[in-house]
Amino acid sequence: MLLKSSIFFILLITILTSNIYILIIVAGLMIFSNLLFNKNLKNSIKKMKYVFLLYFTTILFQLLMIQDGEVIFKFYNFYITWRGVTQVGINFLRIFDILLISWLINAQNIFTGKLQRYNELIDTIIELVPEVFVLFKKKMKFKAFFRHILKQIEGKI
């Protein structure tokens with residue numbers, strides 16, 4: 001019961017705070033907790049290979065799109081600013097913390113019943129992220145691709 005309430009409290013802190021130092025502390029706690037309690041940490045990291053690739057692409061896009069603040073680096077018409085770096089850092093840490101929290105919840109089987117099915121659904125969706133590249137290889141229309149993904153999810157549940 002204590003683990004459930006502390007994870008819920010850490011999740012609330014992660015969602016509600018914009019302080020980068022608090023988010024770094026939460027990330028450290030979650031990394032430590034996952035190393036102690038999560039036996040499938042290596043498998044979880046291997047599954048996330050394509051998700052990390054897409055996520056880092058969005059981080060670079062965010063970094064180049066936030067143009068206001070003190071300029072650190074200028075490349076043609078693109079600026080990297082301090083405000084952009086801090087905003088990207090906060091967004092990265094939030095999502096990273098939530099990911100670590102979800103891995104810990106999944107490893108400890110904290111949720112049972114209907115919430116356990118939700119965990120299985122999220123795992124299935126994460127496994128299907130590489131299927132996005134099928135869209136580009138087969139040059140599918142988005143509607144057909146969406147049906148393809150939904151059939152894959154339906155088949156696994």
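What percentage of the 157 residues of the protein count as buried? The share is 27%, where buried means under 20% relative accessible area, exposed over 50%, and partly exposed in between (1.4 Å probe, protein chains only). The model is predicted, so local features need pLDDT of at least 70 and side-chain atom pairs count only at pLDDT 80 or more, whereas totals for chains, interfaces and linings use all residues. Residues are numbered from 1 along each chain as its sequence is written, and side-chain values use heavy atoms, with hydrogens and water left out.

The protein contains eight helices and two strands, taken as DSSP runs numbered from the N terminus (helices: H or I, at least four residues; strands: E, at least two). Their order from the N terminus is α-α-α-α-β-β-α-α-α-α. Contacts are defined by heavy atoms within 4.5 Å. Among contacts between residues at least 6 apart in sequence, 59% join residues at least 24 apart.

The largest nonpolar core comprises 13 residues, a core being a set of buried Ala, Val, Leu, Ile, Met, Phe, Trp, Tyr and Cys residues joined through side-chain atoms within 4.5 Å. Ile-7, Ile-10, Met-30, Ile-101, Trp-103 and Ile-105 have the most contacts inside this core. Two or more residues each come from helix H1 (2-16), H2 and H5, with H5 giving the most, six residues.

Asn-38 is located in the loop between helix H2 (20-37) and helix H3 (41-47). With a relative accessibility of 7%, Asn-38 is classed as buried. Its side chain reaches the backbone nitrogen of Asn-40 at 3.0 Å. When residues up to four places away in sequence are not counted, Asn-38 touches Ser-33, Ser-44, Trp-103 and Ala-107.

One salt bridge is found in a search of the whole structure, the criterion being a side-chain nitrogen of Lys or Arg within 4 Å of a carboxyl oxygen of Asp or Glu. This bridge joins the side chains of Arg-83 and Asp-68 (3.3 Å, N to O). Arg-83 belongs to helix H5 and Asp-68 to the loop between H4 and S1, so the pair ties together parts that are 15 residues apart in sequence. Both partners are partly exposed: Arg-83 has a relative accessible area of 41%, and Asp-68 has a relative accessibility of 42%.

A nonpolar surface patch is formed by Phe-61, Leu-64, Met-65, Ile-72, Phe-73, Phe-75, Tyr-76, Phe-78, Trp-82 and Val-85, which together have about 1100 Å² of accessible area. Patches are made of residues with over 30% relative accessible area and no salt bridge; like charges are joined within 9 Å, and nonpolar side chains (Val, Leu, Ile, Met, Phe, Trp, Tyr) within 5 Å. Helix H4 (49-65), strand S1 (71-75) and helix H5 (82-108) each supply at least two of the patch residues. Phe-78 is part of strand S2 (residues 78-81) and is partly exposed at 38% relative accessibility. Tyr-76 occupies the loop between S1 and S2 and is exposed, with a relative accessible area of 66%. The phi angle of Tyr-76 is near 55°, a positive value in a residue other than glycine.

Terms used. Accessible areas come from the Shrake-Rupley method with a 1.4 Å probe; for residues, only the protein chains shown count as cover. A polar contact is a pair of N or O atoms within 3.5 Å; within protein, one must be able to donate a hydrogen and the other to accept it, and residues adjacent in sequence count only if both atoms are side-chain atoms.
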